[in-house]
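Please read the points below beside the sequence and the model, and look up each residue as it comes up.

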Amino acid sequence: VHFPDVERVEWLNKVLVQAWPYFGTIMEKTFKEVVEPKIRAKNVHLKTCTFTKIHFGEKCPRINGIKAYTKEIDRRQVILDLQICYIGDCEIHMDISKFNLGVKGVQLYGTLRVILEPLLTDAPFIGAVTLFFLQKPHLEINWAGMSNLLDVPGINVMSDSLIQDFIAARLVLPNRITVPLKKNMNIAHLRFPIPRGVIRVHLLEAENLVQKDSFLGAIRGKSDPYALLRVGTVQYRSKTVSRDLNPIWNETFEFVVHEVPGQDLEVDLYDEDPDKDDFMGSLLISLVDVMNDRTVDEWLPLSKTTSGHLHLKLEWLSLVNDQEKLHEDKKGLSTAILIVYLDSAFNLPKNHFEYSNGECGAKKIKNNKYLKKTEREPSSFVLLTVGNKTQKSKTCNFSKDPTWGQAFTFFVHSAHSQSLHVEIKDKDRDTALGTSVICLSHLLKDPNMTVDQRFQLDHSSSDSFIKMKLVLRALNVEEPDPQRVKAGVSASKQGPVCVVEKGGNQQKFASPPKPEASKVPPLSKDSAALDSLPKKDSREDPDTNDSSAAPVPSETVAGLNETEREQNAEHQPPSALHSRAAVVPTLPVIQELRLAPSVTSLGSLPSSCFELSSSNLELQNGTEMPLGEIQLTVRYASIRQSLVVLVNGCRNLVPSSNRGVDPYVRIYLLPDRRWTSRKKTSVKKKTLNPQYDEKFEFFESLEDVKKRTLDIAVKNSRPFISQERKELGKVRIDLSQEDLIKGFAQW
């Protein structure tokens, strides 16, 4: 079964296995010649650091799958997502004075994003490679000599988990590793691209949360809930609401979003306790949906718990280069974002001077020991402050011309009155080596709201500068596109109507009909529907004789078209057809959808199809219209524990209006009809034969999937006020009958 979305790359894993010993040799040399001197220079306690053993082992990393993005991105780049799994037997030992410590194995799981850009017209064809993890990867380190590790000076304050978190955080967005492949390639804009946007999260309230507090192990008390909200490495905590299972927070949080698709909003609810906080449920929201919908205001069901809903309002703010949008917000929310690219500094003062009014007076040097320290070049870091938020750069050791090469983002409330405060400090002496204050109104004089220059440092030497690039962007809430089908609010409000079949205990769900359908008078009795069914041989179609549909207002059920039935019979098994009473009205006639052939036959009959057709009703004009076909590929991925549904495309769809149709496909894994678990493809404009090749995953166990039904509808993206028919056709697939490990693909 071919899945163009996430591809298995066994050939690449074979190449890795073959090349791993050679990679190990290169890394051993790098550790000895590059890493060891850097560690020695870091700290006076680490001057005796020596690697005694470096062996990268026999086991190499494995790539479980690759997803390539070539659409909806810049034409001069290729984006790859690599699902990496490394269970390594590497062994690295080092001595620091009399201590011996090391690593005896590493485990790493995560999705590594690789960006190849810019694409060039001459060799090597790719300018640079950028690497980073979208989410914090799972990292486990098996320490050797662990009993001695925590006694080492400089390391004793860190615990094992802190070290792992520290390493993992260096690999996650917004941190990027960029390797230039072409000489003289300027990689600053690749390492620090302007973020994609800002997500503003209004944490409003929750209801029916689970009780977690107990008294003497028996009496249940009310919980004290709080929320943790996270995008990438940035995390905020809400206030705690005491003794309330329906808490109201009404708090607002803002996150910078660097990569879409890729980054998600994670919300975890906890019950605050004196000893250990209890988990109360979580949410994972794809930010690409919020970006497309602009605004989402929803009650969302919590997962990993028995009950509870969370009310969130999410706003996508795009970054625009428009000074008119920089008006001050009355509610105190951010109106702009400041991006600071901290490059380098020049001629920082070496000796320990006190500066006042530009004149410097040397401190008296008391002894030779102090003199040695003052002659050493400074180890400097930078503190950047906007409003009440301060961020700290990394430390550059022993250099009067340090290069930091880092990017920072700040939320700005009033660009006309706020300033950026920069202070360079010496790590060893905790003294200021220079300061600078830049008014953000200075950026407004530039049409692009960008300044890239050297800034003279105050309280420093007369020729001391700091080089920075400052970019100001206004935050803009765009109005939702009226042409676009919203993935959120409107789509999730339709309640299902139960249609019960006597033949079995399964309930079929159908969307409620639109008001236009009421032009045809509803049937008053079940018998009317049954009488209109033609008498068929029970052996040929056992389901038809005893199936009846509960009457639904403004729906109509008429007789089955006999000839169409016989035409279909030659490529469909006897038990393949179920009658269905889900009406999708159009203006001229009311049509009904017929259920797809039962999937028992699909694996065995290559010619069988999922037909999107009207329900074989004898319509008033006596014509029968098939509604087209959809091509699907379905299988269960055991490694990822997920059901994978690939929507290839549709053909011969029936237009619902003269202006043509803009079809998209919506998928539910019934009985789950929540907005958060709803999947949908992109919209294809003005076509009756759309090609999607889009993949969707439902993370469920195989046992659970076997009990579920796939509900797939082809819909027309139309303006909200339009009278056109929205649903173009629907298919139901019973997954209990299928060999999902093997998978199937067909029309």
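Predicted model: local features only at pLDDT ≥ 70, side-chain atom pairs only at ≥ 80, totals over all residues.

1. K686 and D662 form a salt bridge (a side-chain nitrogen of Lys or Arg within 4 Å of a carboxyl oxygen of Asp or Glu), and the closest N and O atoms of this pair are 3.4 Å apart. The pair links distant parts of the chain, since K686 is in the loop between β38 and β39 while D662 is in the loop between β36 and β37, 24 residues apart. D662 counts as buried, because its relative accessibility is 2%, where buried means under 20% relative accessible area, exposed means over 50%, and partly exposed lies in between (1.4 Å probe, protein chains only). Helices and strands here are DSSP runs, helices being H or I with at least four residues and strands E with at least two, and both are numbered from the N terminus.

2. Residues are numbered from 1 along each chain as its sequence is written, and side-chain values use heavy atoms, with hydrogens and water left out.

3. For the chain as a whole, the model has eleven helices and 42 strands, and buried residues make up 50% of the 747 residues. Of the contacts (heavy atoms within 4.5 Å) with a separation of 6 or more, 65% are between residues 24 or more positions apart.

4. The structure holds 25 salt bridges, and two further pairs deserve a careful look. R230 forms a salt bridge with E266, with 3.4 Å between the closest N and O atoms; R230 lies in strand β13 (residues 225–231) and E266 in strand β16 (residues 264–271), so this pair ties together parts that are 36 residues apart in sequence. Are R230 and E266 buried or exposed? R230 is buried, and E266 is buried as well.

5. In the other pair, E272 forms a salt bridge with R237, and here the closest N and O atoms are 2.3 Å apart. E272 lies in the loop between β16 and β17 (278–286) and R237 in strand β14 (residues 234–237), so the pair ties together parts that are 35 residues apart in sequence. E272 counts as partly exposed at 33% relative accessibility, and R237 counts as partly exposed at 41%.

6. P655 counts as partly exposed, with 41% relative accessibility, and it touches V661 and L688 when residues up to four places away in sequence are not counted. The C-alpha atoms of P655 and L627, which are 28 residues apart along the chain, are separated by 9.0 Å.

7. Which residues have the most contacts inside the largest nonpolar core? A nonpolar core is a set of buried Ala, Val, Leu, Ile, Met, Phe, Trp, Tyr and Cys residues joined through side-chain atoms within 4.5 Å; the largest has 34 residues, and those with the most contacts inside it are L338, L420, M468 and L472. Among the elements that give two or more residues to this core are β20 (336–346), β26 (419–426) and β29 (465–477). Leaving aside its neighbours within four places in sequence, L420 is in contact with residues including L338, V340, L384, M468 and L470. A second, separate core of 33 residues includes V201, L245, L283 and L302.

8. Strand β7 (residues 126–133) is largely enclosed by the rest of the structure, because six of its eight residues are buried. Strand β6 (residues 99–119) runs antiparallel to β7 and is joined to it by seven bridges, where two strands pair if DSSP finds at least two bridges between them. L112 stands opposite F133 in β7. On another pairing, β7 and strand β9 (residues 177–180) run antiparallel and are joined by four bridges, with P180 in β9 as the bridge partner of A128.

9. The loop between β6 and β7 contains P124, and a cis peptide bond with omega of about 5 degrees joins A123 and P124. A cis peptide bond also leads from L670 to P671, with omega near 10 degrees, and P671 is found in the loop between β37 and β38 (679–680).
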